Amino acid sequence: MPKTYSSISGAPYGTAVNLASATTTDLGAAAAPYLNITGTTTITGFGTAAAGTLVLLRFAAALTLTHNATSLILPGGANITTQAGDTAWAISEGSGNWRLIFQKISGMPNVSGFTQALNTSSPNNTVNASSF
């Protein structure tokens, strides 16, 4: 059964609770469904939580999320370098496996090669999807 939270007040997810980044940043042990990830330590996993657990994350600083095809599934199958203000939904698939839906604060997509494709686009500002 997914983790439930009995002390949510105000907005649906309440106020973000600080959680320091660590190699394994244990979202399953966190006391809140909305977390502000502090620090700059590279994250390679999010610990164990019941399948279906959903946690909203906000990053306070630049750090690296390391993609793993089983335990930390990131958009585009590549590592992500966060910046302050980036957000993500982390969804537990059970057994220590997590999937992220990630949004950069800049609004730009987090797709490898996208910026390069924009910089080399045609004069009418079209981007050929096969560029990336």
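## Overall pattern

Read along the sequence, this predicted protein runs β-β-β-β-β-β-β-β-α, which comes to one helix and eight strands. Residues are numbered from 1 along each chain as its sequence is written. Because this is a predicted model, local features need pLDDT of at least 70 and side-chain atom pairs count only at pLDDT 80 or more, while totals for chains, interfaces and linings use all residues; side-chain values use heavy atoms, with hydrogens and water left out.

Of the 132 residues, 33% count as buried; buried here is under 20% relative accessible area, exposed is over 50%, and partly exposed lies in between (1.4 Å probe, protein chains only). The protein exposes about 7100 Å², with carbon and sulfur atoms supplying 53% of it; these areas come from the Shrake-Rupley method with a 1.4 Å probe, and for residues only the protein chains shown count as cover.

Six strands make an open, mixed sheet in the order 1-2-3-7-8-5; two strands pair if DSSP finds at least two bridges between them. Strand 1 and strand 5 (72–73) sit at the edges with a single partner strand each, so one side of each has no neighbour in the sheet.

Now for strand 7. On one side, strand 3 (residues 54–59) and strand 7 (residues 87–94) pair antiparallel over five bridges. Leu56 stands opposite Trp89, and Arg58 has Thr87 as its bridge partner. Strand 7 and strand 8 are antiparallel too, over seven bridges, with Ala88 opposite Phe102. These two strands form a hairpin with two residues between them, and Ser95 in the turn has a positive phi of about 55 degrees. As for its faces, strand 7 has Ala88, Ala90, Ser92 and Gly94 on the covered one, and Thr87, Trp89, Ile91 and Glu93 on the uncovered one.

The largest nonpolar core has 21 residues, and Phe46, Leu57 and Leu65 have the most contacts inside it. (Such a core is a set of buried Ala, Val, Leu, Ile, Met, Phe, Trp, Tyr and Cys residues joined through side-chain atoms within 4.5 Å.) Strands 2, 3, 7 and 8 (97–103) each supply at least two residues of this core. Leaving aside neighbours within four places in sequence, Phe46 has contacts (heavy atoms within 4.5 Å) that include Leu27, Leu57, Leu65, Ala90, Trp98 and Leu100.

Leu27 belongs to the loop between strand 1 (17–20) and strand 2 (34–38). Is Leu27 buried or exposed? Leu27 is buried, at a relative accessible area of 1%. Its C-alpha is 9.5 Å from that of Leu57, 30 residues apart along the chain.

## A buried lysine

Lys104 is in the loop between strand 8 and helix 1 (114–119) and counts as buried, at 14% relative accessibility. Its side chain reaches the backbone oxygen of Thr81 at 3.4 Å. Not counting residues up to four places away in sequence, Lys104 touches Thr81, Asp86, Pro109 and Asn110.

## Confidence

Mean pLDDT (the predictor's confidence in each residue, from 0 to 100) is 82, and 73% of residues reach 70 or more. pLDDT stays under 50 over residues 5–10 and over residues 127–132. Where pLDDT is low, the predicted coordinates should not be read in detail.

How values were computed:
Helices (H or I, at least four residues) and strands (E, at least two) are DSSP runs, numbered from the N terminus. A polar contact is a pair of N or O atoms within 3.5 Å; within protein, one must be able to donate a hydrogen and the other to accept it, and residues adjacent in sequence count only if both atoms are side-chain atoms.
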